[in-house]
Amino acid sequence: SNNKQASNNKQASNNKQASIQPTTSTMFRRMFRKKKTKSTVSKSSTVHAPATNPQATIKELRGRLVAAEKREEFLHKRMQSVMETAEKRTAMGDNRGTISILELKNTIESEIDTINETKIILQSLVINLESAAQDADTLVTLERCIRKLSEKEKS
């Protein structure tokens with residue numbers, strides 16, 4: 001009888017531990033799930049909402065272009081300081097340090113190249129949107145003229 005009670009107690013404690021300790025997949029789901037908050041939902045809806053008029057889109061693209069230019073300017077300043085550090089390390093005879101710093105310089109240069117490509121894309125998008133907006137305005141004006149002419153012919 002004592003053995004039965006002991007085994008029942010062990011089973012009960014094991015069941016409690018099993019219910020307390022989540023499985024690995026449950027634990028990962030809890031750790032990496034996205035917590036939906038009111039601010040997260042409102043931010044995502046504003047960021048992904050497409051602009052209805054071309055002028056707002058052009059303004060947003062120009063803002064991104066300015067941000068890319070600022071980032072590029074920052075990276076140029078950083079590259080200058082990296083080069084100064086590399087010169088100091090070379091003067092001290094620290095070849096390993098110089099090589100690691102020059103690798104950082106190459107990384108910065110590739111990031112600057114990426115930013116330049118992004119700027120070109122943004123500029124072409126702005127030009128295309130401006131052209132499309134102008135074409136749309138021209139079509140609206142032509143439609144008005146056609147309506148007015150047809151009204152004049154009727155009267």
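This is a predicted model: local features need pLDDT of at least 70, side-chain atom pairs count only at pLDDT 80 or more; totals for chains, interfaces and linings use all residues.

Me: Which residues make up the largest nonpolar core?
Reply: That core has nine residues in all: Ala68, Leu75, Met79, Val82, Ala86, Ile101, Ile108, Ile112 and Ile115.

Me: Which elements give two or more residues to this core?
Reply: They are helix 4 (54–92) and helix 5 (95–154). Helix 4 supplies the largest share, five residues.

Me: What other core lies apart from it?
Reply: There is another core of five residues, including Ile58, Leu61, Leu65 and Val126.

Me: Changing topic, is Lys119 buried or exposed?
Reply: Lys119, which is placed in helix 5, is buried, because its relative accessible area of 14% is under the 20% cut-off.

Me: And what does Lys119 touch?
Reply: Not counting residues up to four places away in sequence, its contacts are Leu65, Ala68, Glu69 and Glu72. Of these, Ala68 belongs to the largest nonpolar core, while Leu65 is among the residues of the other core.

Me: Where does Glu130 lie, and why does it count as partly exposed?
Reply: Glu130 also lies in helix 5. Its relative accessibility is 32%, which falls between the 20% and 50% limits, so Glu130 counts as partly exposed.

Me: Which residues does Glu130 touch?
Reply: Glu130 touches Ile58 and Arg62, again without counting residues up to four places away in sequence.

Conventions. Residues are numbered from 1 along each chain as its sequence is written. Side-chain values use heavy atoms; hydrogens and water are left out. A nonpolar core is a set of buried Ala, Val, Leu, Ile, Met, Phe, Trp, Tyr and Cys residues joined through side-chain atoms within 4.5 Å. Buried means under 20% relative accessible area, exposed over 50%, partly exposed in between (1.4 Å probe, protein chains only). Helices (H or I, at least four residues) and strands (E, at least two) are DSSP runs, numbered from the N terminus. Contact means heavy atoms within 4.5 Å.
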